[in-house]
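The sequence and structure are shown first.

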Amino acid sequence: MTAEEFRLLRDHVYSHCGILVRDDMKFVMERRLWPRLEALGMSDFSAYHRYLRYDAQRRAELEAAVEVLTTHETYFFREMAQLNAFSEELLPLLQQRNGGMRRLRIWSAGCSTGEEAYTIAMLLRDSRRFEGWDVEVYGTDISRRVLTTARRAEYGPSSLRTTPPELVPRFFEPLAGNKVRVRDEVRAWVSFGHLNLLDEESYQLVPRMDVIFCRNVMIYFDLPARRRLLRIFNERLVPGGYLMLGHSENLLNLGADFELVHLRGDLAYRRPMLPPKGSG
């Protein structure tokens with residue numbers, strides 16, 4: 001892969017989904033994309049770039065390229081301190097605020113193979129605060145392959161490595177081969193869909209959310225892409241809704257219209273409440 005081929009492919013991927021492949025990742029990009037060239041019978045990356053730009057199958061191939069360039073490793077009950085703060089501090093507030101309509105909407109943005117979305121549903125079940133409510137946890141990802149795994153809801157030991165042992169029999173049913181399947185009572189509150197986080201037209205189908213989890217996703221984006229994504233999140237949250245980021249992420253230097261919320265066990269961000277009518 002020449003420097004020019006790398007630049008063209010990197011810029012094309014970035015314009016599609018906001019993922020920025022750094023200059024020092026040129027070799028990784030070449031190694032991960034080469035099997036795609038072989039599958040298409042191509043011998044150079046210039047031809048592959050032309051295919052991504054002009055071929056009738058370009059959109060499907062671009063999704064395949066993004067698939068191999070991104071990492072999908074995740075597991076249940078990741079970043080437990082944040083999840084505890086969510087359960088112990090935010091869920092009581094959400095129960096009180098939404099008690100009249102008895103509806104709760106939570107979005108796992110960049111859900112990968114589904115462990116985060118199911119974890120959220122397990123926490124909601126375990127709290128016993130939302131029985132009889134209209135509850136929906138939405139998991140979205142740019143990769144159709146990982147969404148197939150998420151919908152299957154079958155996992156191996158690696159996905160359960162930080163799951164509290166007492167929750168395993170409650171929320172998982174055993175399968176052959178040392179695998180488990182998420183129980184139906186959890187799956188009933190979770191749905192999955194394909195979504196490019198920076199495709200603003202797709203968001204017309206996303207309802208307003210009470211909480212958005214977007215953890216360890218923005219690390220793939222540069223500053224302008226992060227700002228675009230945060231504007232979208234701000235729009236899709238209800239006033240007073242919460243944004244949960246990964247521990248390696250924050251909103252410094254992003255000029256985002258969120259309030260920092262200090263929880264006892266972690267930090268969260270909140271879309272400001274609308275001012276009372278007639279104020280100002």
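## Salt bridge between Asp 210 and Arg 97

Asp 210 and Arg 97 form a salt bridge through their side chains, at 3.4 Å from N to O; the term requires a side-chain nitrogen of Lys or Arg within 4 Å of a carboxyl oxygen of Asp or Glu. Asp 210 belongs to strand β7 (residues 209-214) and Arg 97 to helix α5 (residues 80-97), so the pair ties together parts 113 residues apart in sequence. Helices (H or I, at least four residues) and strands (E, at least two) are DSSP runs numbered from the N terminus.

Asp 210 is buried at a relative accessible area of 5%, while Arg 97 is partly exposed at 35%. Buried means under 20% relative accessible area, exposed over 50%, and partly exposed in between, with a 1.4 Å probe and protein chains only.

## Basis of the values

The model is predicted: local features need pLDDT of at least 70 and side-chain atom pairs count only at pLDDT 80 or more, whereas totals for chains, interfaces and linings use all residues. Residues are numbered from 1 along each chain as its sequence is written, and side-chain values use heavy atoms, leaving out hydrogens and water.

## Salt bridge between Glu 116 and Arg 215

The side chains of Glu 116 and Arg 215 pair at 2.8 Å, N to O, in another salt bridge. Glu 116 is in helix α6 (residues 115-127) and Arg 215 is in the loop between β7 and α10 (223-236), so this pair ties together parts 99 residues apart in sequence. Glu 116 is buried, with a relative accessible area of 10%, and Arg 215 is buried at 9%.

## Salt bridges involving helix α1

The count of salt bridges comes to 16. One of them joins Asp 11 to Arg 7, with the closest N and O atoms 3.4 Å apart. These two residues are four apart in helix α1, which means a separation of about one helical turn. Asp 11 is partly exposed at 32% relative accessible area, and Arg 7 is partly exposed at 34%.

A salt-bridge network links Glu 4, Arg 7, Arg 10, Asp 11 and Asp 23.

## Packing of α1 and α2

The axes of helix α1 (residues 3-17) and helix α2 (residues 26-40) come within 11 Å and cross at roughly 75 degrees. Axes are lines fitted to C-alpha atoms, for helices over the stretch in contact, with angles from 0 to 180 degrees between N-to-C directions. The two helices are therefore roughly perpendicular, a class that spans 65 to 115 degrees.

Ala 3, Phe 6, Leu 9, Arg 10 and Val 13 of α1 meet Lys 26, Met 29 and Leu 33 of α2, contact being heavy atoms within 4.5 Å.

Terms used
Parallel < 35°, antiparallel > 145°, perpendicular 65-115°, else oblique.
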